[in-house]
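The following note sets out a reading of the structure in numbered points. Please consider each point with the model open alongside.

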Amino acid sequence: MADAEGAGSAPGAGQQPARIAIVAGDANPELAQDVARLWAAPLIPAVVTAFADGETRVRIEADVSGLDLYIIQSTSAPTNDRLMSLALLADAARAAGVKRITAVTPYFGYARQDVRKASGEPRSARLAARLLAQAGVDRIVVLELHSPALESAFDIPLVQLEADEVLLPVIRSWNVADLAVVAPDAGALKRAQRYAMQLSAPLAVVAKSRPRPDVAIALRVLGDVAGRACLVVDDMASTGGTIAGAAQALLTAGAREVHALFIHPVMAPGALDRLLAAGVRRLLTTDSIRAVGDPRVEIASIAPLLWRAMTRIAG
Ligand code: R5P
């Protein structure tokens, strides 16, 4: 856990820790319920609805004054709505006198325009982070940000978690022989290297080009994958194009079989079909975004991971 300075500050001598409570945003209420159950923490009732014209309307329906409040809300699709409802929940909680607000945002959306690569582009992640801080969020807990550059988007304390402890046991339980871990592009290399080390497996990389947004082309495989079972490791599957392209390139390079692990199941329409059509056998992800709801996708819950992180920083 990368714990930003001040994120885990304990109460001073003689101070009573504030009572903790959880608010479930509308993105993945099941995950919030699971964390609340593990923590034996009260789940504060809140409604997130829309006015007739589509404008988001939220209401926290309990007294939250003095609480150490955790709002669990990934800013997944529809990203604008989820981001806005998180900001509105924080604003409502702040106005109602909470002691501290932590946004628990396992999947932090608007992360792909993290740096300005060309003139005319925004820094979307920075704007989203500033919106949350402006709304009253004091600190934020995220799971595996899209890129290391993103950390600098946050002016408030940031706690970044890794999903290894919930994903590695599942991969080990597969008992796959001759495993190789594969980064489907250069950006995925660090994470893939981490998995390769923990699984004592060799590492390979696929060189990828992205001629335009949402189109990925796997160019070539760097590393020896012949006869191996390859585990492609990425931060997300959105169109599925990156992992599908890597899978096809690996099979062409002689891989025996291909499996995929991605932290965030963004899963745009058609992604699952694309991954299966490319020959990916096993798909493993987390519930950072609401369950994919297809038995062919294995989900490892991050609820215990969030719960442990939240207990460490509460107080
Ligand atoms: C790199 O751009 C990212 O780490 C992911 O590989 C990418 O966002 C996945 O998107 P898609 O599934 O649309 O290829």
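This is a predicted model: local features need pLDDT of at least 70, side-chain atom pairs count only at pLDDT 80 or more; totals for chains, interfaces and linings use all residues.

1. Ile313 counts as buried, at 1% relative accessibility. This residue is found in helix H8, which spans residues 303-313.

2. The ligand is surrounded by 13 residues, and the closest are Asp234, Asp235, Ser238, Thr239 and Thr242. By class, the shell divides into five charged, six polar and two nonpolar residues. Three elements each supply at least two residues of this shell: strand E11 (203-212), strand E13 (229-236) and helix H6 (241-252). The largest share, three residues, comes from E13.

3. For Asp234, a side-chain N or O atom is 2.5 Å from a ligand oxygen. For Thr242, a polar side-chain atom also lies 2.5 Å from an oxygen atom of the ligand. In the case of Arg210, the separation between a side-chain N or O atom and a ligand oxygen is 3.4 Å. The protein covers 90% of the 370 Å² of accessible area that the ligand has on its own.

4. Strand E6 (residues 68-72) is largely enclosed by the rest of the structure, because five of its five residues are buried. Asp68, Tyr70 and Ile72 point one way from E6, whereas Leu69 and Ile71 point the other way. This arrangement can be read against a general rule: in a regular strand the side chains alternate between the two faces of the sheet.

5. Which strands pair with E6 in the parallel sense? One is strand E2 (residues 20-24), which pairs with E6 over five bridges; here Ile20 has Asp68 as its bridge partner. Another is strand E7 (residues 100-105), again in the parallel sense and over five bridges. Asp68 stands opposite Arg100 in E7. The chain passes from E6 to E7 through helix H2 (residues 79-95), and this β-α-β crossover is right-handed. A further bridge between these strands joins Ile72 to Val104.

6. E7 is mostly covered, with six of its six residues buried. Arg100, Thr102 and Val104 point one way from the strand, and Ile101, Ala103 and Thr105 the other way. E7 also pairs in the parallel sense with strand E8 (residues 139-143), over four bridges. Together with helix H3 (residues 124-135), E7 and E8 make a right-handed β-α-β unit.

7. Thr102 stands opposite Arg139 in E8, and the side chains of Thr102 and Arg139 make a polar contact at 2.7 Å.

8. In helix H4 (residues 164-174), the buried residues include Asp164, Val166, Leu167, Leu168, Val170, Ile171 and Trp174. Just after H4, Asn175 takes a positive phi of about 55°.

Key:
Residues are numbered from 1 along each chain as its sequence is written. Side-chain values use heavy atoms; hydrogens and water are left out. A residue is near a molecule or strand if one of its heavy atoms lies within 4 Å of it. A polar contact is a pair of N or O atoms within 3.5 Å; within protein, one must be able to donate a hydrogen and the other to accept it, and residues adjacent in sequence count only if both atoms are side-chain atoms. Accessible areas come from the Shrake-Rupley method with a 1.4 Å probe; for residues, only the protein chains shown count as cover. Ala, Val, Leu, Ile, Met, Phe, Trp, Tyr, Cys and Pro count as nonpolar, Asp, Glu, Lys and Arg as charged, and the others, Gly among them, as polar. Buried means under 20% relative accessible area, exposed over 50%, partly exposed in between (1.4 Å probe, protein chains only). Two strands pair if DSSP finds at least two bridges between them. A crossover is right-handed if, with the strands pointing away from the viewer, the path from the first strand over the helix to the second runs clockwise.
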